[in-house]
Amino acid sequence: MTDAPGVTLQGGASINGAPLFAPLVLSLNAGEWTCLLGGSGVGKSTLLRLISGLATGAKFDGSVTASDALPVADRVAYMAQDDLLLPWATVRQNVQLGSRLRGEDTDTGRLARILSQVGLTDHAGKKPGALSGGQRQRVALARTLMEDKPIILLDEPFSSLDAQTRSAMQELTVDVLRGQTVLIVTHDPAEAARLGQSIFVLRPAGVQRFPHPTSPIPRPIDDLQTLECQAALLKLLREGSP
Amino acid sequence: MKALSALLATLFALAIWQLIVTLTGLPRFILPGPALVAETWWANRALIAEHTWVTALEVVLGLAIGSTLGVATALHLASSPAARVLVQPILVFTQALPVFALAPILTLWLGFGLWSKVFMAVLIIYFPITSSFFDGLMRTPPGYLDLARTMQASPARILWHIRIPAALPSLASGLRLAGVYAPIGAVIGEWVGASRGLGYLMLLANGRAKTDLMFASLLTLGVFAVLLHVTVVWLTRRLLLEETTNSRNEISA
């Protein structure tokens, strides 16, 4: 993998003429975690889909560019709230889905390394139905890692997990995604405060950069500065809603 | 438990049948009792077996050909928007025609032999298989497709690795329907014009007031249809569903 580029999205989107979000600039620093926080229906997922080149159903006026001027969409790996595991395929087959879909040979050494990194070596032959929610999300993480892409887009990846599993997954994910440019979309202020090396709040009026704690990520769950940031973010979100 | 309930239901049906015959005192050429039908069945077992074999062959050939054609059509429709525009309306229109009405012309074109009946069975099962598999192929969960697109997958590989496996349960329900319809197609074909097969035998026995033989043939056809249904259900589970359900992990783990 070459060095991860920074990514800048600028422009506005509308659905049937009604603006979804006003023209805005969202820039992701190269090799860092950017958190995009916002309530439901403000277009967070649309922004993420625009960067990954997926269809959105919204009309987008603007551009998505990388700091090295190369195309963005084919250097993206994507992980969603729904783990999107194929129920008929084993954990191992799910993790190597990308190479199977491109007709490439899988690097089996790398596959074994990634499975052990996320603690799934013993479950490699199982099907997703036999796994817990946290394990399934680890399979999805392993599949994302296996793609070996410099830009990682996470769409509320931990929101269906219970609190303790979620915090463990946050730490594991930061641990394994070192050096990539990561955009995580979330509605959870605690997640943004723990993981953001930049934090943006998205509202219909546009994006607002929010001061983030200075300590390295993943920040401890009892770090005072992180908790203050979380509280301030929640306050800001609540002001925005009626 | 299931076998016991089937046995009890059979005995119950036979008892009601006998009761009706005894109470109404209908002559045996109108409604023969179960004992007489069993006796006739045994006396004519070679004849019935010969005709059953013919019908069974028609049905199995019809199922094999119809399923292959249906699967191929569904795959083609699912991967080609042009085919959807051109072929889908034709399919729906042909399905609106009663297939029974085509039986005489099929006999005219294909003769009195095996193939007019096979083709009748093919016609009657082709649409359920095509439409159920096609629906399954078009209803792939959109998240899978998004994921595949970010992985730069080609449409052919998405079809093979994601859309087809995701559609197998729909194909299985189409095949189960086909297993029920196929004998109907073959028997209609035999009624219109044949010299062999259970449908022919029933018509022949009926025409000669051999109602007991008619019933013996009818019951044989019923037993054959049930066995066919059970076999198709077992086969689809075995071949299609075990691979796609997530509740049977121990099998491949």
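Let me begin with chain B, whose elements, taken from the N terminus on, run α-α-α-α-α-α-α-α-α-α-α. That is 11 helices and zero strands. Please bear in mind throughout that this is a predicted model.

Some overall figures for chain B come next. Its C-alpha trace spans about 75 × 50 × 30 Å along the principal axes. Of the 253 residues in chain B, 36% are buried. Among the contacts in chain B with a separation of 6 or more, 78% are between residues 24 or more positions apart.

I turn now to the place where the two chains meet. Here 26 residues of chain A are in contact with 22 residues of chain B. Which elements of chain A each supply at least two residues of the side that touches chain B? They are strand 5, residues 76-80, and helix 3, residues 97-102. Helix 3 of chain A provides the largest share of that side, namely five residues. By class, the residues on the side of chain A that touches chain B divide into 13 nonpolar, six polar and seven charged.

Let us move to the sheet in chain A. Three strands form an open sheet in the order 2-1-4, and the pairing is antiparallel. The edge strands are strand 2, residues 18-28, and strand 4, residues 59-66, each of which pairs on one side only. From one strand to the next, the twist averages 5 degrees. Helix 1 of chain A, residues 44-52, packs on this sheet and touches strand 1, strand 2 and strand 4 of chain A. The direction of helix 1 makes about 125 degrees with that of strand 1 of chain A.

Consider the pairings of strand 1 of chain A one at a time. Strand 1, residues 7-15, is joined to strand 4 of chain A by eight bridges, and the two run antiparallel. Within this pair, Ser14(A) stands opposite Lys59(A) of strand 4, and Gly12(A) stands opposite Asp61(A) of strand 4. How many bridges join strand 1 of chain A to strand 2 of chain A? There are eight, and these strands also run antiparallel. Gln10(A) has Val25(A), in strand 2 of chain A, as its bridge partner. Strand 1 and strand 2 of chain A form a hairpin with two residues between them. In the turn of that hairpin, Asn16(A) has a positive phi of about 50 degrees.

That brings me to backbone geometry. Most residues other than glycine have a negative phi, and most peptide bonds are trans. Against that background, two further residues of chain A deserve attention. Ala69(A) has a phi near 65 degrees, a positive value in a residue other than glycine. Ala69(A) is found in the loop between strand 4 and strand 5 of chain A. Leu84(A), with phi near 55 degrees, likewise has a positive value without being glycine. Leu84(A) lies in the loop between strand 5 and helix 2, residues 91-95, of chain A.

Is Ala69(A) buried or exposed? Ala69(A) has 7 other C-beta atoms within 10 Å, and therefore it is exposed, since a residue with 12 or fewer is placed in that class. Leu84(A) has 22 C-beta neighbours inside 10 Å and so counts as buried, the threshold being 20 or more.

The peptide bond to note is the one joining Ile217(A) and Pro218(A), which is cis, with omega of about -5 degrees. Pro218(A) lies in the loop between strand 9, residues 206-210, and helix 8, residues 224-240, of chain A.

I close with a pair of helices in chain A. Two packed helices are described by the angle between their axes and the distance between the axes. For helix 4, residues 108-117, and helix 5, residues 133-146, of chain A, the packing angle is about 145 degrees, and the axes are 10 Å apart. The crossing of helix 4 and helix 5 of chain A is right-handed. Which residues make this contact? Helix 4 of chain A contributes Leu111(A), Ile114(A) and Leu115(A), while helix 5 of chain A contributes Ala142(A), Leu145(A) and Met146(A). By class, the contact of helix 4 with helix 5 of chain A has six nonpolar residues, with no polar and no charged ones.

Methods: Residues numbered from 1 in each chain as written. Chains lettered and ligands numbered in written order. Predicted model: local features only at pLDDT ≥ 70, side-chain atom pairs only at ≥ 80, totals over all residues. Axes fitted to C-alpha atoms, helices over the stretch in contact; angles between N-to-C directions. Helix = DSSP H or I, 4+ residues; strand = E, 2+ residues; numbered from the N terminus. Left-handed = near helix turned anticlockwise from the far one by under 90°. Contact = placed C-beta atoms within 7 Å. Nonpolar A, V, L, I, M, F, W, Y, C, P; charged D, E, K, R; others polar. Pairing = 2+ DSSP bridges.
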